[in-house]
Amino acid sequence: MSRAAADILIVGGGPAGLAAASAAARHGGLSVTILDNNPFFGGQIWRPQTGIARSARARRLFKEIDEKAVTIIRNAEVFAAEADDRLIAQTPAGRIDLKFEQLVLATGARERFLPFPGWALPNVMGAGGLQALVKCGLNVAGKRVVVAGTGPLLLAVGEYLRSKGALVAAIVEQANSASVYRFARGMLRSPAKLFQAAALRAKLIGIPYLADSWVTAAELARSPIRNGFAPDASGREGTLSVMFSRKGKPETIECDYLACGYHLVPNIELAGLLGCEVVDGHVAADEFQKTSIPNIFCAGEPTGIGGVEKALIEGEIAGLAASGHKDKASVLLPRANEARRFADSLNAAFALRDELKTLADDSTIVCRCEDVQYGKLKEFDNWRSAKLQARCGMGPCQGRVCGAAAEFLFGWKTGSVRPPIFPVRSEDL
C-alpha cells in the first residue's frame with residue numbers, strides 16, 4: 001500500500017475534474033492531486049485516441065495542469081473511504097491511501113441501457129461504448145452502424161464513427177420531432193451552442209435522422225458459427241437485423257453494429273458513500289458546488305446531466321471555492337446558471353417515452369451479470385426484494401446497468417451504497 005496527500009483532491013479526470021484541477025492550482029500555495037480510473041484523462045467526451053486529444057479546450061487544460069505541477073494519478077479507482085478525510089483506491093500497482101483537506105467529486109456519468117429482445121447479442125452495445133472501443137483501436141471502417149437511443153450524444157457518436165470510416169446507416173431518436181425542434185429553437189439564445197450544433201449536423205449530411213423512432217428488437221441475420229457470426233459467400237461476417245418503430249410503423253434495417261444508449265446516469269456512488277445528500281438521483285450542491293458535507297464539492301454530471309459546458313463551469317467554480325477563492329468563483333455564477341438552464345431544456349426535450357417500458361418480454365434478460373429475466377423481476381415490488389431473491393444487481397457491475405433499467409421500468413430506487421463500490425482485489429481489501 002502506498003500513501004498520498006493533497007490539500008485538494010479531485011476524483012475524476014473528465015472536463016469537470018480537469019477544470020477544477022486547473023482552477024484550484026491557478027493561484028499556487030496549495031497541493032492539488034487529480035486521479036482517474038483510465039490511462040488517459042478527458043472522460044468519455046474528451047478521452048484521447050492514442051494519447052492525442054481532438055479538442056483544443058482539452059489540450060489547453062492538459063497543458064495548464066502540466067504547467068502548474070498538479071499531481072496526476074492514472075488508472076486509480078476509488079472503492080472506499082477509510083475516514084472523513086481519506087479515500088482508498090485500487091491501482092495496477094496495488095492499493096493507495098489518499099488523504100485530503102478538500103475533496104472535489106467529478107465522477108461523471110455512464111450510459112443508460114434499456115432492455116429489449118436482442119440487446120445482449122454480439123455487436124449490440126452502448127453508443128458511447130462503441131465510441132470508446134473505436135478510440136481503443138476497434139476498426140469500424142466500412143462497417144454499417146445504426147446509432148439509436150436519445151439525446152445529442154447520438155449525433156456526436158455518429159460524427160465520430162463516420163470520421164473513422166463507418167457507414168452510419170441511421171440515427172434513431174426516440175424523442176418526437178416537435179420536442180427536438182423546440183430544443184433546437186431554444187439554442188437561438190446561445191449562438192455558440194447553435195454554431196456547434198450546426199457544424200456537427202453539417203458533418204452528418206446524408207445520414208437519416210429518424211425522430212419519433214426507437215429500436216424494438218434485434219436478432220442475428222445469419223446463423224452464428226464463427227466469432228458469433230457466420231461469414232457470407234463474400235467472406236464478410238454476418239449482420240444484425242434491427243427492428244424499430246418509426247412514427248408508429250415497424251421497419252427493419254441490417255447493420256454490423258447497433259450502438260444504443262438512452263441518455264446518461266450520474267455516477268453518484270462515491271458521493272453517496274461519503275454521506276453527501278442525494279436528491280432525485282443527483283448530488284445536491286449549492287451555488288459554489290459545495291455538498292452537504294462541508295469539505296466536499298461536486299461538479300459536472302453527478303449534480304445533473306448537462307453536457308460539457310456545464311461540467312467545465314461547475315468544475316472551475318468548485319476548484320476556486322475549494323482553494324478559498326469564492327470571490328473569483330462568484331463571477332462565474334451567471335454562466336453556471338445559464339448552463340443549468342440549457343441542461344434543463346435538454347433533459348425535458350429528450351425525456352424517455354413510456355413505450356420504452358414495454359419492449360422487454362418475459363424472457364428478456366435485464367440483469368446481464370446474473371442472467372435475471374424480466375419475467376422474474378415482475379414477481380417483486382422493490383429493488384431490495386429483487387436483489388435478495390433473484391440476485392438482480394449482485395454481479396460485477398453492482399447494478400450500474402440493471403439498476404437504472406429497473407428504476408425506469410418499475411420505478412424502483414436502488415437504496416444505500418456500501419463499500420467496496422467497485423469490484424476490487426481481495427488483497428486490496
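Colleague: Does Phe183 count as buried, partly exposed or exposed?

Modeller: This is a predicted model, in which local features need pLDDT of at least 70, side-chain atom pairs count only at pLDDT 80 or more, and totals for chains, interfaces and linings use all residues. Residues are numbered from 1 along each chain as its sequence is written, and side-chain values use heavy atoms, with hydrogens and water left out. Buried means under 20% relative accessible area, exposed over 50% and partly exposed in between, with a 1.4 Å probe and protein chains only. The relative accessibility of Phe183 is 10%, so this residue is buried.

Colleague: How are the rings of Phe183 and Phe350 arranged?

Modeller: Rings of Phe, Tyr and Trp (its six-membered ring) pair if their centres lie within 6.5 Å; planes under 30 degrees apart count as stacked, over 60 as edge-to-face and the rest as tilted. Here the centres are 5.4 Å apart and the planes stand at 75 degrees, so the pair of Phe183 and Phe350 is edge-to-face.

Colleague: How far apart in sequence are the parts that this pair ties together?

Modeller: Helices (H or I, at least four residues) and strands (E, at least two) are DSSP runs, numbered from the N terminus. Phe183 lies in helix α6, while Phe350 is in the loop between α11 and β20 (365-367). Phe350 is buried too, with a relative accessible area of 5%. The parts tied together by the pair are 167 residues apart.

Colleague: Which residues do ring pairs link into a cluster with Phe183?

Modeller: By the ring rule, the count comes to four aromatic pairs. In one of them, Phe183 and Phe342 have ring centres 5.6 Å apart and planes at 45 degrees, so that pair is tilted. Together with Phe183, the cluster holds Phe342 and Phe350.

Colleague: Over which ring does the charged end of Arg400 sit?

Modeller: A charge sits over a ring if NZ of Lys or CZ of Arg is within 6 Å of the ring centre and within 35 degrees of the ring normal. Lys357 lies over the face of Phe408, at 5.3 Å from the ring centre. For Arg400, the distance is 4.2 Å, and the ring is that of Phe422.

Colleague: Which residue in β6 stands opposite Arg86?

Modeller: Two strands pair if DSSP finds at least two bridges between them. Strand β5 (residues 86-91) has five of its six residues buried, and it pairs with strand β4 (residues 77-83) in the antiparallel sense over five bridges. β5 also pairs with β6 (residues 94-105), antiparallel over six bridges, and a hairpin of two residues joins β5 to β6. Opposite Arg86 stands Lys99.

Colleague: Which element gives the largest share of the lining of the largest cavity?

Modeller: The largest share, three residues, comes from β15.
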